Amino acid sequence: MTQKKVAIVGAGLAGLVTLKSCLEEKVDVTAFEQETHIGGNWKFKEKGISIFRNTELTSSKYLTAFSDFPMPEEYPHFLKHTQYLDYLQAYAQHFDLNRHIKFGTSVKSIQRQGDQWSLEVAPSEAGNRLVFDAIAVCTGLNTAWELPALTNKSDFKGKIIHSSAYKDSRPYHDQNVVVIGGGESGGDLVYELSQVASEVTLSLRRGVFVMPKLDKQMTLPGDYFHLRSTYHLPPIIYERLEGLVQNLFTFVNRKQASWQIRHILIRLSGGRYHQQIITKSDTLTQSLTRANVHLKPGIQRFTTDGVVFDDGTTTQADTIIFCSGFKISFPFLPIDSQGWDWRHLYKKIFHPDLPNIGFVGFARPHIGAMPPITELQARYFAGIVSDRLRLPDPDQMRTIIDADAQRTTQTKPLVVERVTGIVSFVPYLYELAELIGCQPVLSQLVKQPAVLWSVLFGTVAGPHFRLCGPHSDPLAGRVIAKEGLHLTNLKTMKEIVLFLLFQIIWGGGAMLGYPLFKMLSYIPGWETLEPELKL
């Protein structure tokens, strides 16, 4: 059989793991990267789109690491951007990826040529066009910034920028700054600016659900508490249980101003924990307790020297910073990508009208981390192009696309129209793992009790999907046994007892409730009691 030829557009996080996955499947693969380096926007730039000078990851190193390449032990829970770029470079070196990358080469157009795809690249190569059997688009989410269509922005005579143009707080000393948007970028900006600006105003159209990056009771990252066992319950049940837990925490911490602000932001969000994207921040709510930081609703209109908010209040501003995200742009595709809706792609990867093209790294989890999702997308794409796996036929694909879109609309109603690529972190990982055939098989883990416990009740992370199936790796079991229970990270016996009690009560309760809710879901009218994840 002739070896398949695959092209990858981009050599950032998604491009690297897709390249490695294709090599794993023994296909002939070439990545095209317009920059002279790997890592995409994780390399800081004084100008252009990149991370901030002081960017720190919001997902823990255990969740962020690829499944077969753990982070160095000396790294902190939350990496600086320089450390993460070093990690990506070490990953590329370890798996010998750089020799498959054409740096300083951009893809200008992709056109269908029979059953293959023809690429025009620049600088041009021999014949100007290169032919491949399949394409992986890995250009990333942060390629073209977007400003919302607010009226009369031009009336404002101060400075308006997108957060991608912000590098550090130095230019904003003694200024009045308005920050629009409460995502993680907005939270970081408010914190940094509050240290130097005269006044900082955070404008939110609706509230946000803020989760501390680090749990103060057990000094563990907050994303360590996102477990598989939660999803052995029906969404209608685990959402309400999460709400009760959050209300309990708010009551216990009722004397802390930052917790009360967090409660206000949750209430203003209009929804529950799992219905929206979580802002992971240890600083946003703390910043909002400062005298020079103010919380305001959305913007009604601009004035020459400031803004008028929806509640009729006003503020003067020297600079307005929009943390309004990025727009999807694939100018090299043979179809129009304007207004691209990820709900129209099979598993957020394959477009029915673009055969043998996969989009890797664009699904956005409501919590958790993008790398494990991106890695499983890459492994699925590589399995498809190598012919080891098969896609459904186009009609089946469209049926599944419609069902998935309907489910997302039901489970993520607050953000799905704006963030069409949103997915539930753990269920989506398991969907992809089932398609690949790499989901953990509990019966195969009985002889590894620490690993089995972690899979059932511990943090869901990349190594879980290297335990079984194709391209399994003995390293995964060792990493999970060492890190998956996190006991070595806990400092006192009290912390260990609290953590194990949480796993036993929450995880064990979900496991015991699974058969009950499964049976009840068969009763007509009680279908909403169907557990989201099968045992």
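**Packing of helices α1 and α3**

The crossing of α1 and α3 is left-handed, a term used where the near helix is turned anticlockwise from the far one by less than a right angle. The model is predicted, so that local features require pLDDT of at least 70 and side-chain atom pairs count only at pLDDT 80 or more, whereas totals for chains, interfaces and linings use all residues. Residues are numbered from 1 along each chain as its sequence is written, and side-chain values use heavy atoms, with hydrogens and water left out.

The axes of the two helices, as lines fitted to C-alpha atoms over the stretch in contact, come within 11 Å and cross at roughly 20°; α1 and α3 are therefore roughly parallel to each other (angles under 35 degrees). In this contact (heavy atoms within 4.5 Å), Leu13, Leu16, Val17 and Lys20 of α1 meet Tyr84, Leu88, Tyr91 and Ala92 of α3. The residues involved divide into seven nonpolar, no polar and one charged, where Ala, Val, Leu, Ile, Met, Phe, Trp, Tyr, Cys and Pro count as nonpolar, Asp, Glu, Lys and Arg as charged, and the others, Gly among them, as polar.

Just after α3, Asp96 adopts a positive phi of about 55°.

Key. Helices (H or I, at least four residues) and strands (E, at least two) are DSSP runs, numbered from the N terminus. Axes are lines fitted to C-alpha atoms, for helices over the stretch in contact, and angles run from 0 to 180 degrees between N-to-C directions. Angles under 35 degrees count as roughly parallel, over 145 as roughly antiparallel, 65 to 115 as roughly perpendicular and the rest as oblique.
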